[in-house]
Amino acid sequence: QVQLVESGGGLVQAGGSLRLSCAASGRTFSSYTMGWFRQVPGKERELVAGISSGGSTNYADSVKGRFTISRDNAKNTVYLQMNSLKPDDTAVYYCAGVRAIGLIVPPQPNKYNYWGQGTQVTVSS
């Protein structure tokens, strides 16, 4: 079992930045594909950004150029740097992982079997 704990959410003004962190308790973190998902009321959970065990990334079109996902395998941590935040970025952000070695970052939430508790990001106008 892997435990994921997100941190770094909060309230920020439009145009501002936040960095989310996700700390994993597992011993084989480098073998996991990791993703950041977000969900707002009335909408399906969507992949914001993901990074494979091989380092390939996948971003939602709405965040390309603004968000950057990265990982530090030595620290068992994945990050989401969020810049130029917009009010419609407001959501609960979840860290997710799945044991998968390769370059694929699946966008479907049901492909991930480990989830964090979520952290609220609120962007005010």
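This is a predicted model: local features need pLDDT of at least 70, side-chain atom pairs count only at pLDDT 80 or more; totals for chains, interfaces and linings use all residues.
Student: OK, so in what order do the 4 strands of the open sheet come?

Tutor: The order is S1-S3-S8-S7, with antiparallel pairing, and the edges are strand S1 (4-7) and strand S7 (67-72), each of which pairs on one side only.

Student: And how many bridges join S1 and S3?

Tutor: S1 and strand S3 (residues 18-24) pair over 4 bridges in the antiparallel sense, and Ser7 has Ser21 in S3 as its bridge partner.

Student: Switching topic, how many salt bridges are there?

Tutor: There are 4 salt bridges, counted when a side-chain nitrogen of Lys or Arg is within 4 Å of a carboxyl oxygen of Asp or Glu. One of them joins Arg66 and Asp89, whose closest N and O atoms are 2.7 Å apart.

Student: Where do Arg66 and Asp89 lie?

Tutor: Arg66 lies in the loop between strand S6 (57-59) and S7, and Asp89 in the loop between strand S8 (77-82) and strand S9 (91-99), so the pair ties together parts that are 23 residues apart in sequence.

Student: Are those two buried or exposed?

Tutor: Both Arg66 and Asp89 are buried, meaning under 20% relative accessible area, with exposed over 50% and partly exposed in between (1.4 Å probe, protein chains only). Salt bridges with shared partners join Arg38, Glu46, Arg66 and Asp89 into one network.

Notes. Residues are numbered from 1 along each chain as its sequence is written. Side-chain values use heavy atoms; hydrogens and water are left out. Two strands pair if DSSP finds at least two bridges between them. Helices (H or I, at least four residues) and strands (E, at least two) are DSSP runs, numbered from the N terminus.
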